[in-house]
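The sequence and the structure are shown first.

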Amino acid sequence: MPDLSGKAAIVTGCASGIGAATVRRLRADGADVLGTDVNAAAGKALCDETGARFAEQDVSDRARWDEVVAQALKAFGSLDILVNNAGMVSGASIGDVADDVWDRVLAVNLTGTMAGCRAAIPAMASGKNSGGAIINIASTTAIAPSPVDVGYSASKGAVRVLSKSIATWCAQQKNGIRCNTVIPGATETGILHAAEEAMPGIMAGFAAISPMNRMADPAETAAAIAFLASDECPFMTGAEMLVDGGAMAIHPGF
Ligand SMILES: NC(=O)c1ccc[n+]([C@@H]2O[C@H](COP(=O)([O-])OP(=O)(O)OC[C@H]3O[C@@H](n4cnc5c(N)ncnc54)[C@H](O)[C@@H]3O)[C@@H](O)[C@H]2O)c1
């Protein structure tokens, strides 16, 4: 297991799914964690249970990011890990997407990720441990997009490029900050349960696209996040780690 003791992390979208599993995993690996979420009740409960701190946050609120980063610095004395995990689907195709639906999914999934990185980088570079690791969460829809969610697919595609731009800028700045992307495939979380309600049968379909014929447990995604957050991979930046049970590795004809 990666040793994250002495490191301090912010994990967004901590109330459920991959975010909750990431808080559990980073705590188990020894990190101090500030979890954030719009869902204050569930987020605080998860953080209380795991010994993490909690802050209510809508990641699309850019001004709030400075407060959250300041809270982590005050509590822990450094910021070493940022996991931009909070995300939402929008369920609209190019045939019917409304302006407010498009704007919201881009604001949360893409602008929220950018704003988190922008706020965290100076804090990471200046904390008691200089440098750090940013892990942004994309999706296999950033590789093979969903025809029925144009905003989600576009936002996640943009997160992949955003991460590389941030990674290379940080490398050129020599600030010791790495930035990588985790690309989950179908993972058994609230997002997919909501999709199942709208489109019954979709979860079985998602399981079937992996040659392993199942969805991921969120803890399996959290394990990849913890590795990228750790000092085990100092030469990994601008990289992408698929956690999809091989779904993107197989020709669709087979
Ligand atoms: N579950 C999957 O199959 C899957 C696949 C690929 C990528 N992902 C990505 O993984 C990430 C986590 O999703 P999940 O599957 O755990 O879903 P989830 O719905 O279980 O958890 C998402 C969390 O984000 C929070 N959130 C939503 N909007 C927010 C906002 N504006 N500000 C702060 N918090 C907000 C929610 O309250 C929730 O706790 C997302 O970025 C998602 O796009 C999930």
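Which residues does T221 touch, not counting residues up to four places away in sequence? In this predicted model, T221 touches I18, V182, P184, T187, A216 and V243 under that condition. T221 itself is found in helix α8. Its relative accessible area is 0%, so T221 is buried.

## Overall architecture

The chain contains 8 helices and 7 strands. Its radius of gyration is 17 Å, close to the 18 Å that the globule rule gives for 254 residues, so the chain is as compact as a globular protein of that length. The C-alpha trace spans about 50 × 40 × 35 Å along the principal axes of the chain.

Of the 254 residues in the chain, 50% are buried. The accessible surface comes to about 11,300 Å², and carbon and sulfur atoms account for 57% of that surface. Among contacts between residues at least 6 apart in sequence, 69% join residues at least 24 apart.

## The ligand site

The ligand is surrounded by 28 residues, and the closest of these are S16, D37, N85, Y152 and T189. By residue type, the shell around the ligand divides into 13 nonpolar, 11 polar and 4 charged residues.

| Residue | Protein atom | Distance to an oxygen atom of the ligand |
|---|---|---|
| S16 | N or O atom, side chain | 2.4 Å |
| I18 | N or O atom, backbone | 2.8 Å |
| G190 | N or O atom, backbone | 3.2 Å |

On its own, the ligand has 820 Å² of accessible area, and the protein covers 91% of this area. Two or more residues of the shell come from each of the elements α1 (17-28), α4 (99-126), α5 (150-173) and α6 (190-198). Helix α6 gives the most to the shell, with 3 residues. I18, whose backbone is listed in the table, is also one of the residues that T221 touches.

S60 lies in the loop between β3 (53-56) and α3 (62-76). Is this residue, S60, buried or exposed? With a relative accessible area of 18%, S60 falls under the 20% limit and is therefore buried. Its side chain takes part in a polar contact of 2.8 Å with the side chain of D58, and a polar contact of 2.9 Å joins the side chains of S60 and R104. Leaving aside neighbours within four places in sequence, S60 is in contact with R104, A107, V108 and G112.

## Partly exposed helix residues

Q71 is found in helix α3. Its relative accessible area of 32% lies between the limits of 20% and 50%, so Q71 is partly exposed. Not counting residues up to four places away in sequence, Q71 touches L34, F54, A55 and R64. L34 is 37 residues from Q71 along the chain, and the C-alpha atoms of the two residues are separated by 8.5 Å.

R118 has its place in helix α4. This residue, R118, is partly exposed, with a relative accessible area of 49%. R118 and P234 are 116 residues apart in sequence, and their C-alpha atoms are 21 Å apart in space.

## Loop residues with positive phi

Most residues other than glycine have a negative phi. Where is K174 found, given its positive phi? K174, with phi near 55°, is found in the loop between α5 and β6 (177-184). The relative accessible area of K174 is 72%, which is over 50%, so this residue is exposed.

N213 also has a positive phi, near 60°, and is a residue other than glycine. The place of N213 is in the loop between α7 (202-209) and α8 (218-229). N213 is exposed, with a relative accessible area of 55%. Helix α8, at one end of that loop, is the helix in which T221 is found.

Definitions and conventions
Residues numbered from 1 in each chain as written. Predicted model: local features only at pLDDT ≥ 70, side-chain atom pairs only at ≥ 80, totals over all residues. Heavy atoms only, no water. Near = heavy atom within 4 Å. Polar contact = N/O pair within 3.5 Å; in protein donor to acceptor, adjacent residues only side chain to side chain. Areas by Shrake-Rupley, 256 points an atom, 1.4 Å probe, with all protein chains shown as cover. Helix = DSSP H or I, 4+ residues; strand = E, 2+ residues; numbered from the N terminus. Nonpolar A, V, L, I, M, F, W, Y, C, P; charged D, E, K, R; others polar. Rg over C-alpha atoms; globule rule 2.2 N^0.38 Å. Buried < 20%, exposed > 50% of the residue type's maximum accessible area, 1.4 Å probe, protein only. Contact = heavy atoms within 4.5 Å.
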